[in-house]
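Biologist: Can you walk me through this model? I would like to start with the terms.

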Amino acid sequence: GRLRGDSLSIHMATAEEQEGTNDSQVIANPLKGFSHTAALRSQHGFDGHGDLSHILVSRTQSDGESASEIRTPCCLIFPSPVKDGVFDITIAPGIDPVLIICYVTLHARMD
């Protein structure tokens, strides 16, 4: 089961870049793997009875100077208390809704 403090991280795929015939031309090759830093990270919230009450999804960015990451909340997800697999989702402006839908689909399949 889920525990307080459980989180889910989404890492984006990265493309391997190779110099083209012209130095200003860069050609993207097939994927080389996933980025080391998470693009999205979620945190589960629980009510007083231990039931999942909400999920806060944050966009992460590297601090650059230190190894810490900066989290910016971008989505709040409330699972339906009545029907499994139904969610009420609030997405912040500037966030790709398709990315959040993919996240929710992955998250629902994990539970």
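Modeller: Exposed means over 50% relative accessible area, buried means under 20%, and partly exposed is in between (1.4 Å probe, protein chains only). This is a predicted model, where local features need pLDDT of at least 70, side-chain atom pairs count only at pLDDT 80 or more, and totals for chains, interfaces and linings use all residues. Residues are numbered from 1 along each chain as its sequence is written, and side-chain values use heavy atoms, with hydrogens and water left out.

Biologist: Fine. Is F34 buried or exposed?

Modeller: F34 counts as exposed, at 59% relative accessibility. The residue lies in strand 3, residues 26–34. Strands here are DSSP runs of E with at least two residues, helices are runs of H or I with at least four, and both are numbered from the N terminus.

Biologist: What does F34 touch?

Modeller: Setting aside residues up to four places away in sequence, F34 touches H11, M12, A13 and T14. Contact means heavy atoms within 4.5 Å. The C-alpha atoms of F34 and H11 are separated by 6.0 Å, with the two residues 23 apart along the chain.

Biologist: Switching to charges. How many salt bridges?

Modeller: The count is two, where a salt bridge is a side-chain nitrogen of Lys or Arg within 4 Å of a carboxyl oxygen of Asp or Glu. One joins the side chains of E69 and R41 at 2.8 Å, N to O. E69 lies in strand 6 (residues 69–79) and R41 in strand 4 (residues 40–46), so this pair ties together parts that are 28 residues apart in sequence. The side chains of R71 and E69 form a salt bridge at 3.3 Å, N to O. Through shared partners, R41, E69 and R71 join into one network.

Biologist: How exposed are those three residues?

Modeller: R41 counts as buried at 17% relative accessibility. E69 is partly exposed at 31%, and R71 is also partly exposed, at 43%.

Biologist: What does T60 contact?

Modeller: T60 is in strand 5 and buried, with a relative accessible area of 10%. Not counting residues up to four places away in sequence, T60 touches A38, A39, L40, R41, E69, I70 and R71.

Biologist: What about the nonpolar core? Which residues have the most contacts inside the largest one?

Modeller: I55, V57, C74, C75, I77 and Y103, in a core of 14 residues. A nonpolar core is a set of buried Ala, Val, Leu, Ile, Met, Phe, Trp, Tyr and Cys residues joined through side-chain atoms within 4.5 Å. Strand 1 (7–10), strand 4, strand 5, strand 6 and helix 1 (97–110) each supply at least two of its residues.

Biologist: What is Y103 in contact with?

Modeller: L8, I10, S42, I55, V57 and I77, leaving aside neighbours within four places in sequence.

Biologist: Last one. What share of the protein is buried?

Modeller: Buried residues make up 21% of the 111 residues.
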